[in-house]
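These notes are meant for someone opening the entry for the opening look. Please read them with the sequence and the model side by side.

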Amino acid sequence: MRTKVAIIGAGPAGLLLGQLLRTYGIDNVILEQRSPEYVLSRIRAGLLEEGTVALLDEVGAGARAHREGLVHNGIELAFGGNRHRIDMKALAGKTVMIYGQTEVTLDLMNVRKEAGLTTIYEAADVTPIDFDTNRPRVTYLKDGVTCDIACDFIAGCDGFHGISRASVKPDAIETFERVYPFGWLGILSETPPVSHELIYNNHPRGFALCTMRSMHRSRYYVQCSLDDHVDQWPDERFWQELKSRLDRKAVDELVTGPSIEKSIAPLRSFVAEPMRFGRMFLAGDAAHIVPPTGAKGLNLAASDAYYLACALREYYDEKSSAGIDDYSAKALARVWKAVRFSWWMTSMLHKFPDSGTFGARIQLAELDYVASSRAAMTSLAENYVGLPF
Ligand SMILES: Cc1cc2nc3c(=O)[nH]c(=O)nc-3n(C[C@H](O)[C@H](O)[C@H](O)COP(=O)(O)OP(=O)(O)OC[C@H]3O[C@@H](n4cnc5c(N)ncnc54)[C@H](O)[C@@H]3O)c2cc1C
């Protein structure tokens with residue numbers, strides 16, 4: 001098989017890149033190690049920046065998001081028993097949309113299917129080869145048969161644990177990492193959300209986030225220990241712990257119910273530099289991870305896909321390498337700003353085991369400053385709705 005761009009991974013980065021390339025007339029094949037059902041069963045992100053929604057529109061996959069997504073004009077910060085609203089629309093002129101990653105993935109899978117593009121699911125042992133030459137290839141195993149795709153470029157969109165970044169020689173890559181000493185225990189329940197906007201709670205017992213997927217489906221998170229296991233958290237214990245971290249009004253209005261999904265996610269900031277290795281590019285979680293506090297992971301996957309698609313369009317349409325030469329630096333400039341914002345939100349809102357009462361007081365002072373200064377609120381709002389790309 002031969003294609004212009006072999007994409008590894010059918011998550012948001014790979015699917016969006018594939019569809020943007022198709023829009024620009026560049027053929028591509030996606031290789032995914034899992035089945036479509038498995039990919040769609042992963043409950044992850046739920047908040048889209050306007051820029052991400054615009055990209056879905058550009059590839060014809062945005063209609064359902066506009067019909068079913070919830071547009072939010074603001075968020076609330078809760079600390080010291082009170083809530084403070086950040087009006088993002090008024091401060092930064094933009095909104096965000098609540099629309100689950102599983103729905104984004106499904107919509108992108110559907111437009112890909114309609115366009116008749118090739119996606120090879122359940123491809124085992126996917127291996128990018130010779131990407132430091134002019135003739136890169138990707139090999140994989142399908143139904144016991146070894147297959148080979150010759151291509152012009154490889155896009156490594158295979159997430160944090162993927163093979164693309166792992167295939168790069170260690171001396172060609174530099175990584176930057178911060179592992180946080182806690183995780184997020186999250187549940188999904190078929191209950192109406194406690195509030196129509198997100199509530200970020202800083203509490204002496206630890207962080208809690210009230211979010212949602214729709215007006216009938218809620219997503220709640222509590223900061224937990226890295227040693228915790230979901231089996232130690234029956235629903236009753238989760239709801240009790242959540243209530244202990246919310247303000248009185250939220251406790252009174254919280255509707256509880258059985259969880260339909262429960263998982264623990266560790267929190268990490270990670271960046272790999274550069275994002276290009278000869279004829280292989282990294283995009284999305286394959287190159288960087290942010291703690292979910294800033295709701296940036298999926299949105300960064302989208303902006304990487306956009307930068308890469310534009311660079312490849314320039315290569316094919318204008319016979320210019322300027323775009324692909326600039327891809328890594330351009331993507332990383334936006335990535336690091338989102339990494340900074342996600343780290344800052346995480347630092348301000350979570351309980352850190354080693355920072356003691358001094359650290360807790362500094363957090364409250366910072367939250368109070370953010371909630372009372374228009375300049376600080378605007379800075380938060382600008383980053384939260386997404387920096388331009
Ligand atoms: C609990 C949680 C909450 C989150 N909340 C938010 C949020 O609110 N907002 C936000 O923007 N982000 C959020 N994120 C982050 C977001 O989910 C990720 O950033 C996003 O999934 C990145 O997309 P991706 O396509 O780069 O990677 P992935 O979604 O990880 O997709 C990679 C794909 O590659 C496939 N793959 C891996 N290895 C191989 C291989 N060797 N061969 C072939 N295929 C392979 C995988 O099966 C997968 O389908 C959250 C994440 C978590 C865990």
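1. Basis. This is a predicted model, in which local features need pLDDT of at least 70 and side-chain atom pairs count only at pLDDT 80 or more, while totals for chains, interfaces and linings use all residues. Residues are numbered from 1 along each chain as its sequence is written, and side-chain values use heavy atoms, with hydrogens and water left out.

2. Ligand shell. There are 33 residues around the ligand, and E32, R42, Q101, D285 and L298 come nearest; a residue is counted as near if one of its heavy atoms lies within 4 Å. The shell divides into 16 nonpolar, ten polar and seven charged residues. Here Ala, Val, Leu, Ile, Met, Phe, Trp, Tyr, Cys and Pro count as nonpolar, Asp, Glu, Lys and Arg as charged, and the others, Gly among them, as polar. Helices α1 (12-23) and α10 (297-318) each supply at least two shell residues, and the largest share, four residues, comes from α10. Helices (H or I, at least four residues) and strands (E, at least two) are DSSP runs numbered from the N terminus.

3. Which polar backbone atoms lie 2.9 Å, 3.4 Å and 3.2 Å from an oxygen atom of the ligand? They belong to A13 at 2.9 Å, G46 at 3.4 Å and A295 at 3.2 Å. A polar contact is a pair of N or O atoms within 3.5 Å. Taken alone the ligand exposes 1,000 Å², of which the protein buries 88%; these accessible areas come from the Shrake-Rupley method with a 1.4 Å probe.

4. Cavities. The count comes to two cavities of 30 Å³ or more. On a 1 Å grid over the protein atoms alone, a cavity is a set of points where a 1.4 Å probe fits but cannot get out, and lining residues have an atom within 4 Å of a point. Grid points are joined across faces, edges and corners, and a volume is the space filled by probe spheres set on the points. The largest cavity holds about 70 Å³, and its lining includes E49, K296, R334 and K337. Four of its lining residues come from α11 (322-349), which gives the most. By class, that lining has four nonpolar, two polar and four charged residues.

5. Second cavity. About 50 Å³ of space lies in the second largest cavity. Among its lining residues are P12, A13, T52, V104 and L298; A13 also has the backbone atom 2.9 Å from a ligand oxygen, and L298 is among the residues that come nearest the ligand. At least two each come from α1, α3 (50-58), α6 (101-114) and α10.

6. Pocket. The second largest pocket has a volume of about 350 Å³; a pocket is an open set of grid points with protein on both sides within 12 Å along at least five of seven lines. Of its 23 lining residues, N202, H203, P204, A360 and L364 lie nearest its centre. Both β5 (74-79) and α12 (356-372) supply at least two residues, and α12 has the largest share, with six. Eight lining residues are nonpolar, eleven polar and four charged.

7. Aromatic pairs. Rings of Phe, Tyr and Trp (its six-membered ring) pair if their centres lie within 6.5 Å, with planes under 30 degrees apart counted as stacked, over 60 as edge-to-face and the rest as tilted. The count comes to 20 aromatic pairs. The rings of F182 and F352 have centres 5.1 Å apart and planes at 80 degrees, so this pair is edge-to-face. F182 in strand β12 (residues 174-189) and F352 in the loop between α11 and α12 are 170 residues apart, so the pair links distant parts of the chain.

8. Backbone. Most residues other than glycine have a negative phi, and most peptide bonds are trans. D130, in the loop between β9 (124-129) and β10 (137-142), has a positive phi of about 55 degrees although it is not a glycine. E273 and P274 are joined by a cis peptide bond, with omega about -5 degrees. P274 lies in the loop between β16 (259-273) and β17 (276-277).

Definitions and conventions:
Polar contact = N/O pair within 3.5 Å; in protein donor to acceptor, adjacent residues only side chain to side chain.
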